[in-house]
Structure formats: C-alpha cells, structure tokens
Amino acid sequence: MAKSLDKLGRWTVKEFFARFPDDEACLTHIMEVRYGLHGTCRKCENETTFHRLSSRRAFSCAHCGDHVYPTAGTIFQDTRTPLQVWFYAIYLFVTTRHGVSGKELERTLGVTYKTAYRMGMQIRKLMAKADGFEMLQGHIELDETYVGGRARGGKTGRGAPNKTIVFGLKERGGRMIAHTVPNFKTHTLRNSVLQKVAPGSTVSTDELANYNLLSRDGFKHGVVKHGQEEWVRGEHHTNSVESFWRLFKQSVKSTHIRVSSKYMDVYLREFTFRSNHRAMTNAMFDLVIAAV
Ligand SMILES: [Zn+2]
C-alpha cells in the first residue's frame, strides 16, 4: 500500500491510476478487501485460492468451483457506472480537505449531475458507516454551533433563522463526533454526552450551554468563560472542536454553498470520517471499500 504514496506521503492521481488502471483491477481489489483472494471457501471449507472467471464479475474456488461475486449486495451491484469511475470518486472524497460537490463530480467524472449527486451521497453514507463508533474517552471538548442557512437581516450566531444546530465532541488529540441537535436544552446535550463519552472523562465546555449536570454525572467538568473573553483556563479550552467548526463551515460555503438541515448529519459524518483518519489516506480508501 505504501508503494502507492509519493515521497511526501501523498496519494497522487498518477499513483491512483497506476494502482487501478481499469475495472478489472477495481474488481480484484473489492474481492481482496471483502473476501480475500486466498482463504477458506464458504462452500467446501478448504483453504483455497480464488481465480477470476473471465465470463462474469465473479471469482471461483480452485477446489470446488463455487462462484463468489464480490460486488453482490453492494452499491456496485446494479450500477451502470464503471467501477473505476466509482473508485476515482471515492479517491476524490478521501483526498480532499474541503469536500467534493456534485458539480465537481459531474465535471471530473463525465457523468450527469443526477448520477454525480447520487454517487456523492452514497459515498458520504459509506464514510459514515466506515467511521464506526467507540465511546470517546480521556479529555473531551464539547461545543455547539450553528451551521448553514443565510441569516436574513444580518442576524448571526445564536437565534439566527434558517440555521441548523450542531453539537460536537472532540477527544483531545483523537476522534471527533458531530451531529445535529434540535435545541440547546440540558437534557438534549446531556443525553448526547452520556451516549458518547466514557464515564469519568474530563470535559471542557464554554459557559453558554446548559452543561451544569455533567459534574453530577461523574465527569470532571471545566468551563471557559468566552463571554468574559477567557479562552483557556488551565487545561480547559474548546479550541480543537472550534477548529473543526471553522474547516466545516468554510468548506460548506466554498464547496456546497449551503447544506440543508435534512442532510447536515451526512455531511458532518463525511468530515469527521476524514478528520478521524487524516493520517492514512490509503486506509481510509479501503475502509470505504470495505463498507460497500
Ligand atoms: Zn470451494
């Protein structure tokens, strides 16, 4: 895998096409990731090798001849879009920083806008699936923000219309989770924390939201008073989650113009997936393929 990276550790377009020159290479890769080219046959249970069947999108067991269709039951099964085009779209999603718009996919892949848009949404859902879920632990920053929508009359921030409320939880030096919430009520935020943060963790928040109950739930809770222009108190600040908000908001604005509340969670998962696996573009690609 490391072979397909350049000297700076980037996975370039040139290397992408060297690794996946045609649909055949893509099909073999799906087989490798989902079933393996060597392994135990599910039919005859022998340790075996699977050979490519030239007549169909299948591999066959060297012992018993059982056929394995690596794309069966995946998003690739009934698509008329070539596998290599799908792979290149996924490559764009894992190597971008600011996301990929439907228009960009349409142009780059040479497919219709409708197809491009549908592919983009399917890839985002795969990224969400591939991101998995484990409870956050250690030191967690919590912060909420408004995303999207154009505030009429110049009203921004809290109370601005047409905006979606998003809640973020970021492990210091680790994983990020972000999701929409209907409101800032204590029980809404508390429920999210109870579901996503391991008991006994340290949490940092600003003073605006209703986090008061957290200490009673056994979290070590520190508050920074942004209202009084205090940004750091001892080990407590919410800078990492705020830098995620900055990237996400700038990207939505520059790549998608706007994202409706209905789809906000799908886009948030796309961005947290990339942020959580940033150090390994290749692994990210295979995680997405494994999630098909
Ligand atoms: Zn077999």
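Which residue in β7 is the bridge partner of F167? The bridge partner of F167 in β7 is H179. This is a predicted model, in which local features need pLDDT of at least 70, side-chain atom pairs count only at pLDDT 80 or more, and totals for chains, interfaces and linings use all residues. Residues are numbered from 1 along each chain as its sequence is written, and side-chain values use heavy atoms, with hydrogens and water left out.

**The chain as a whole**

- Nine helices and nine strands are found in the chain. Helices (H or I, at least four residues) and strands (E, at least two) are DSSP runs, numbered from the N terminus.
- Of the 292 residues in the chain, 49% are buried. Buried means under 20% relative accessible area, exposed means over 50%, and partly exposed lies in between (1.4 Å probe, protein chains only).
- Among contacts between residues at least 6 apart in sequence, 56% join residues at least 24 apart. A contact means heavy atoms within 4.5 Å.

**The zinc site**

- C41, C44, C61 and C64 coordinate the zinc ion, each through its SG atom, at 2.3 to 2.4 Å. Donors are N, O and S atoms within 2.8 Å of the metal (3.2 Å for Na, K and Ca); water is not among the atoms, so sites may look incomplete.
- The angles among the four donor atoms are 103 to 113 degrees, and the site is tetrahedral. Four donors count as tetrahedral if all angles lie between 85 and 135 degrees.
- Along the chain, the donors follow the spacing C-x2-C-x16-C-x2-C.
- C61 is buried, with a relative accessible area of 3%. C44 is partly exposed at 26%, and C64 is partly exposed at 37%.
- The structure holds zero disulfides. A disulfide is counted when a pair of cysteine sulfur atoms lies within 2.5 Å.

**The sheet of β1 to β4**

- Four strands form an open sheet in the order β1-β2-β3-β4, with antiparallel pairing. The edges are held by β1 (38-40) and β4 (67-68), each with a single partner strand, so one side of each is left without a neighbour in the sheet.
- Strands pair if DSSP finds at least two bridges between them. Strand β2 (residues 47-53) and strand β3 (residues 58-61) run antiparallel and are joined by four bridges.
- Opposite L53 stands A58 in β3.

**Helix α3**

- Helix α3 covers residues 83-95, which is 13 residues. From its first C-alpha to its last, α3 reaches 18 Å, close to the 18 Å expected at 1.5 Å a residue. The expected span is 1.5 Å times one less than the number of residues in the helix.
- In α3, 12 of the 13 residues are buried, so the helix is largely enclosed by the rest of the structure. Among the buried residues are W86, F87, Y88 and F93.
- The buried residues of α3 pack against α1 (13-19), α2 (23-34), α4 (102-109), α5 (113-131), α8 (261-276) and α9 (281-290).

- Eight of the eight residues of strand β6 (residues 164-171) are buried.
- Both faces of β6 are covered. T164, V166, G168 and K170 lie on one side, and I165, F167, L169 and E171 lie on the other. In a regular strand the side chains alternate between the two faces of the sheet.
- Eight bridges pair β6 with strand β5 (residues 139-147) in the antiparallel sense. The bridge partner of E141 in β6 is K170.
- Five bridges pair β6 with strand β7 (residues 176-180), also in the antiparallel sense.
- The hairpin of β6 and β7 has four residues between the strands, and G173 there takes a positive phi near 65 degrees.

**Two single residues**

- T202 is in strand β8 (residues 202-206). T202 is buried, with a relative accessible area of 14%.
- Not counting residues up to four places away in sequence, T202 touches G138, H139, I140, K220, E235 and H236.
- Q195 is in helix α6 (residues 186-196). Q195 touches F133 and M135, again leaving out residues up to four places away in sequence.
- Q195 and L136 are 59 residues apart in sequence and 9.5 Å apart in space, C-alpha to C-alpha.

Note on methods
Four donors count as tetrahedral if all angles lie between 85 and 135 degrees; four count as square planar and six as octahedral if opposite donors are over 155 degrees apart and all others between 65 and 115; anything else is irregular.
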